[in-house]
Amino acid sequence: MIHIRRAEDRGHVDHGWLDARHTFSFASYQDPEHTGFRDLIVINEDRVRPGTGFGTHGHQDMEILTWVLEGGLRHRDSMGSEGVIRPGEAQVMSAGKGIRHSEVNASEQESVHLLQIWILPRRLGKAPSYDSRRFDDAELRDRLCLVAGDSDKGEALPLDQDVEVRIGRLSPGTELVHELAPGRHAWLQVARGGLWLNGEELRTGDGAAVSGEDRLELRAEEAAELVLFDLR
């Protein structure tokens with residue numbers, strides 16, 4: 001079964017400095033029919049104006065993944081981690097028992113466009129952690145590159161949950177298959193472009209919840225960038 005969450009049906013807030021689309025309930029946007037999918041509870045598509053951003057604030061017991069589509073996002077946190085993440089670099093912050101951080105646009109001239117993703121952790125109250133890794137285009141091009149997952153997933157960034165996060169940049173005409181193990185579920189988020197999922201057309205900003213299927217058949221008829229979550 002595939003349930004599609006169309007881009008235009010997402011929550012939308014415009015604070016001037018921040019234009020955000022919420023796939024699931026978040027902050028002032030509350031939709032009891034869309035509160036998450038399995039352990040995935042937030043997919044926010046954010047556009048942050050130059051010289052602005054999220055000031056220092058706290059989180060607890062959440063796995064937070066950031067993927068920048070355009071521009072640069074400057075990260076600082078209470079553990080002393082600091083850096084600018086740009087397209088092709090994934091950032092994972094495990095809030096654990098508590099962490100404070102800020103995420104601001106690194107540019108005074110250009111907006112930053114990003115996806116922020118929250119996943120429920122397996123354990124509560126652990127020590128917080130931060131990591132990032134750059135993935136070059138060859139790793140992402142026309143394949144589903146594992147960028148984050150359970151701690152035993154090799155070079156992927158660690159997440160304290162039984163989940164795989166895969167990102168692909170597909171060229172027009174690319175066809176891929178992702179097998180789902182028995183009892184597994186998937187969420188597919190189209191960051192940009194368009195593709196077909198098991199015969200269903202998805203466009204920029206669309207998401208799809210997948211349950212009861214044993215494989216995902218993907219076909220891109222135009223350039224597309226996608227994030228795939230393989231979930232318990």
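**Sheets, core and overall form**

Guide: To begin with a sheet, 4 strands form an open sheet in the order 16-21-18-19, with antiparallel pairing. The model is a predicted one.

Visitor: Which strands stand at the edges there?

Guide: Strand 16 (175-179) and strand 19 (200-202) do; each has a single partner strand, so one side of each is left without a neighbour in the sheet. From one strand to the next, the twist averages 25°.

Visitor: How many bridges join strand 16 to strand 21?

Guide: There are 5 bridges between strand 16 and strand 21 (residues 215-219), and the two run antiparallel. Within that pairing, Glu179 stands opposite Arg215 in strand 21.

Visitor: What is the strand order in the open sheet of 7 strands?

Guide: The order is 1-20-17-22-15-13-14, and the pairing is mixed. Strand 1 (2-5) and strand 14 (157-158) are at the edges, each with a single partner strand, so one side of each lacks a neighbour in the sheet.

Visitor: And how do strand 13 and strand 15 run relative to each other, parallel or antiparallel?

Guide: They run antiparallel and are joined by 4 bridges. Gly149 has Glu164 in strand 15 as its bridge partner.

Visitor: Changing topic: which residues have the most contacts inside the largest nonpolar core?

Guide: They are Leu40, Val147, Val165, Trp187 and Phe229, in a core of 28 residues. Several strands each supply at least two residues of this core, among them strand 4 (40-48), strand 6 (63-70), strand 11 (112-119), strand 13 (145-149), strand 15 (163-170) and strand 22 (224-231).

Visitor: What does Val165 touch?

Guide: Leaving aside residues up to four places away in sequence, Val165 touches Leu65, Ile119, Cys145, Leu146, Val147, Ala148, Leu159, Val227, Leu228 and Phe229. There is also a second, separate core of 19 residues, which includes Ile4, Leu170, Leu176 and Leu195.

Visitor: Back to strand 11, then. Why is it described as largely enclosed by the rest of the structure?

Guide: Because 8 of the 8 residues of strand 11 are buried, that strand is largely enclosed by the rest of the structure. Both of its faces are covered: on one side Val112, Leu114, Gln116 and Trp118 are buried, and on the other His113, Leu115, Ile117 and Ile119 are buried as well.

Visitor: Which residue of strand 11 is the bridge partner of Ile43?

Guide: The partner is Ile117. Strand 4 and strand 11 pair in the antiparallel sense over 8 bridges. Strand 6 also pairs with strand 11 in the antiparallel sense, over 7 bridges, and there the bridge partner of Val68 is Leu114.

Visitor: Now the whole chain. How many helices and strands does it have?

Guide: The protein chain has 1 helix and 22 strands. Its radius of gyration is 17 Å, close to the 17 Å that the globule rule gives for 232 residues, so the chain is as compact as a globular protein of that length.

Visitor: What are the spans along the principal axes?

Guide: The C-alpha trace spans about 45 × 40 × 40 Å along them.

Definitions and conventions. Residues are numbered from 1 along each chain as its sequence is written. This is a predicted model: local features need pLDDT of at least 70, side-chain atom pairs count only at pLDDT 80 or more; totals for chains, interfaces and linings use all residues. Side-chain values use heavy atoms; hydrogens and water are left out. A nonpolar core is a set of buried Ala, Val, Leu, Ile, Met, Phe, Trp, Tyr and Cys residues joined through side-chain atoms within 4.5 Å. Buried means under 20% relative accessible area, exposed over 50%, partly exposed in between (1.4 Å probe, protein chains only). Contact means heavy atoms within 4.5 Å. Two strands pair if DSSP finds at least two bridges between them. Axes are lines fitted to C-alpha atoms, for helices over the stretch in contact, and angles run from 0 to 180 degrees between N-to-C directions. The radius of gyration is taken over C-alpha atoms; the globule rule is 2.2 Å times the number of residues to the power 0.38.
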